[in-house]
Amino acid sequence: MSSSSRARALSVVAAGLTVTALFAATISVPASATPMPIPTPSSAKLKLPDGTAASRVIPGRYLVETAATPLSRGGSKFANQSATKSTTSAATAAGAKIGTSYSELWSGVSVTATDAQIKVLAQSPSVKAVYPVLRVALPKTTKTATKVSSALDQIAALGVGQDGTGIKVGVIDTGIDYNNVDLQGSGTNDETKDFGASAPRVKFGYDFVGDTYNPDSTDESDWTPHADAYPDDCEGHGTHVAGIIGAKGTGDGDSTTGVAPNVTFGAYRVFGCEGSTDTALILSALNRAKADKMNVVNLSLGSDFDSWPSYPDAVAVANLAKAGVVVAVAAGNSGDTGLFSAGTPAVGAGVISVASYEPTLIRTKAIEVNGVKYPYTPVEATADAPADNATQLELRVASAVYACNSNGPLAPVPAGTALLIKRGGTTPATACAFSEKVANAVAAGAEAAVIYNSVPDLDSFTAARDGEPDFGIPAISIGGTHGTNLANLIGTGSNTMTWMDVQADLPNPEGGQISTSSSAGLAADLSLVPTISAPGANIYSTLPIEQGGHGNLSGTSMAAPYIAGAVALLLQAKPTLRGQPAVAAQQLYATAVPVAKSTEAGVTTRPEGVFRQGSGLVNVAGALNAGVTAAPSTLKLGEGKSHVVTVKLTNKTAQKLTYTASRLSGVSAVASTSGTSMGTTTPLYGFSEVGFKVYSKAITIKPGKTVKVKVKLTAPSVLAGRAGLLYGGWVQFGTTGAGNTVSVPFAGVRGDYQAVKVLNGFKPVVDAQGHTWTLPAVGFFDNNGNLTPDYLATHTFDPSSGDSPVMLYHLDYPASDVQLKVTNTRTKKSYDAVIDWSTYNRNTGKASSKSTHLYKQPRDAVYQGFYFDGGVYHKGHVYGLETGTYTLQLRVLKPLGTASKSKHWETYTSKPIHILSTIG
């Protein structure tokens with residue numbers, strides 16, 4: 001691997017351990033017995049977004065920030081034009097290709113350039129910083145073939161007297177199929193119909209990409225957007241989102257109605273038919289949405305874990321909210337990875353970040369056994385179930401309940417039998433694929449397979465087999481509790497099972513809780529994320545007509561549009577809230593209903609953690625009718641044990657109201673420290689009450705007046721002695737009079753946030769090459785390009801030829817800084833390693849001390865790392881190393897830590913490694 005193909009920062013995935021290039025810097029220095037300045041070009045002003053995965057970087061494309069202030073933040077149009085002109089001139093002189101210019105929400109231009117060209121451009125006085133353009137993947141969603149209600153009753157959005165008339169909602173997504181009849185289209189699949197100023201619903205928008213755009217493709221020709229005027233949707237995600245916001249159903253059996261069925265849509269298409277989008281396109285869409293004067297913008301997209309927002313699109317979204325547009329953003333679908341998994345732009349200032357809630361009742365197909373209906377989802381790659389309310393089979397428990405090959409062949413069953421099978425295996429090591437379970441059911445003579453989950457949830461599975469046809473029998477999945485109940489009912493006998501068509505108002509096995517996949521907070525700076533919850537699981541909505549017109553998806557992508565629709569109703573009912581996103585959010589948060597059922601074992605009877613649900617489940621009717629609100633709308637407690645806070649209550653009614661204050665405590669969580677599963681990826685949950693004291697027993701508020709209420713909140717004692725406990729709850733104000741209940745969520749970290757263990761390792765991982773890894777570790781690339789651990793410290797590194805040490809580590813919490821110290825074991829001299837070349841100036845050979853820092857980094861899902869190229873910093877210069885044996889000390893500054901305090905740093909020191917001279 002040559003030095004020109006390596007990265008200044010990287011992200012490593014456990015399976016495969018791949019590293020992708022970001023920026024290059026070749027080290028070539030004069031011969032010297034001591035370190036000498038490195039005179040060759042490197043990346044000046046090049047910025048990496050916080051915690052960026054290298055695989056997200058699109059080679060050769062950059063966002064170049066100018067020093068001008070965005071117009072939405074009071075910047076001068078003349079100053080922006082001047083800065084843009086200077087930067088585009090410098091880019092042209094460097095040989096770069098100019099793309100889009102931005103000034104409204106973020107100031108800069110997009111360019112296409114080689115490494116050499118961007119390094120030259122970065123040194124222009126008009127350039128403030130250079131960022132790589134990043135891929136943004138379409139959020140993970142779960143598709144099912146069942147039909148589920150829109151859950152409008154769950155959020156008190158029925159019969160509220162509003163429909164979104166006069167409110168414009170922008171959807172930045174895969175586009176919208178405006179031909180769909182539930183979006184008041186013609187039903188004809190024609191992108192030129194049903195769109196534009198004279199169209200019934202989708203009057204605004206633009207296609208920034210075209211069908212073939214796909215930055216994930218191996219064909220570079222697919223990386224080029226082909227914009228056009230028609231933002232029609234061929235993927236489906238955006239149409240589903242739009243239907244939740246504002247479908248207006250025809251009333252037939254397949255139709256659906258959204259939250260605000262008369263809003264006007266803007267469709268801003270940033271995804272092709274397949275693959276990801278990129279951050280430059282999102283910037284363009286945000287600018288277009290503002291120019292089209294959208295009142296609300298929905299972004300069911302984002303980047304999990306990026307919890308230190310500084311990248312251009314995160315800044316732009318925050319500026320959009322500052323400019324008066326309500327922004328609803330999906331919190332993310334990485335809840336299975338634990339705490340601090342929510343990312344940008346959901347963590348942006350002023351953004352409404354949305355968690356996914358499980359509706360308590362669903363409309364779905366079912367099986368009926370002994371008079372009880374059990375909802376199911378079809379297992380992919382199996383035959384369709386009859387679902388005719390008549391066809392029957394005899395349901396029996398499989399002779400080996402897991403039906404894996406390791407259990408031996410299943411006992412033959414009579415004709416007309418369905419087999420009840422459990423997900424997983426007798427041990428984790430013997431668990432088998434769904435295809436194996438269904439194949440064994442077929443071999444036993446079964447005519448159907450009913451697979452029940454290992455947890456209470458209803459889930460979706462596939463039995464697909466590479467290169468083989470689908471199974472000829474239907475297979476379905478049901479919730480774990482339902483499956484256990486059926487197994488107990490049946491015992492060693494059988495019961496008649498009837499295939500039912502769509503059934504109304506069946507209990508959702510996991511109803512009334514936050515979806516387990518919904519990303520958890522807090523943000524790295526301990527601000528609250530998510531901030532509110534909405535239905536996001538098994539949501540039936542519109543799809544492109546070429547995909548059947550309707551279908552189900554699950555995820556926070558489905559939750560965010562419920563909030564966008566709710567805001568549209570609120571802005572219609574209360575026009576004075578238009579242009580005031582913070583006040584609109586205040587109405588929603590103050591009236592949300594805390595979710596009382598946690599998903600975690602041992603605390604399921606307690607309210608879900610605030611860091612998973614925010615203020616609670618949105619209550620549209622409550623928000624519309626609220627006459628009393630609170631400020632601040634959320635309480636950021638930060639770190640420590642006790643906090644005295646002041647809440648201001650404002651009475652907008654015509655009556656004098658009297659309130660009393662109380663608190664409701666939520667579940668707390670702390671990082672696990674067990675040997676096999678540890679850290680914030682597998683947190684421990686517990687519950688005890690948050691201490692509470694109010695300094696005003698009775699709170700009287702006159703009409704039109706505001707009163708201040710001082711309360712004291714003390715962290716709970718649960719999981720005592722554990723550092724980094726996340727806790728929270730709600731300060732609630734109740735009244736026996738005509739006023740509404742007001743709820744203010746709070747969250748914080750008990751004790752010292754800087755006491756957490758950041759450099760946690762994982763259980764040893766064996767990669768695709770058979771290497772065993774524990775973390776932190778130093779690795780190298782072997783002759784086959786595989787990243788290999790240097791546990792025995794026997795490898796000789798030659799950075800000048802591209803063979804550099806790779807420092808790998810896992811951050812279990814967000815970090816405020818990352819540095820590397822290099823020590824010569826013979827001379828005992830220590831040097832600060834250059835790990836960010838963004839300040840290196842090729843003309844002067846000088847660099848800033850910033851080159852030795854990565855600064856704010858987020859918690860990661862697996863692990864991350866960077867190269868050490870043999871460059872070290874001293875008094876404004878970068879030097880090469882002489883041949884010798886060195887130790888590498890990784891230094892991590894704990895979250896919100898103080899750099900001057902040694903106890904706020906966590907370190908790891910490698911074994912001595914041999915490095916050849918980087919002095920040419």
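## The largest cavity

Strand 5 (127-136), helix 4 (279-291) and helix 5 (312-322) each give at least two residues to the lining of the largest cavity. Helices (H or I, at least four residues) and strands (E, at least two) are DSSP runs, numbered from the N terminus. A cavity is a set of points, on a 1 Å grid over the protein atoms alone, where a 1.4 Å probe fits but cannot get out; lining residues have an atom within 4 Å of a point.

The whole structure holds four cavities of 30 Å³ or more. The largest has about 100 Å³ of space. Its lining counts 16 residues, and Val136, Thr279, Asp313, Thr344 and Pro345 are the closest to its centre. By class, nine are nonpolar, four polar and three charged. Here Ala, Val, Leu, Ile, Met, Phe, Trp, Tyr, Cys and Pro count as nonpolar, Asp, Glu, Lys and Arg as charged, and the others, Gly among them, as polar.

## Basis

This is a predicted model: local features need pLDDT of at least 70, side-chain atom pairs count only at pLDDT 80 or more, and totals for chains, interfaces and linings use all residues. Residues are numbered from 1 along each chain as its sequence is written, and side-chain values use heavy atoms, with hydrogens and water left out.

## The second largest pocket

A pocket is an open set with protein on both sides within 12 Å along at least five of seven lines. Asp457, Asp459, Ser515, Thr516 and Ser517 are the closest to its centre among 42 lining residues.

Strand 30 (678-686) and strand 6 (142-144) each supply at least two lining residues. Strand 30 gives the most, with four. The lining divides into 24 polar, ten charged and eight nonpolar residues.

Note on methods:
Points joined across faces, edges and corners; volume = space filled by probe spheres on them.
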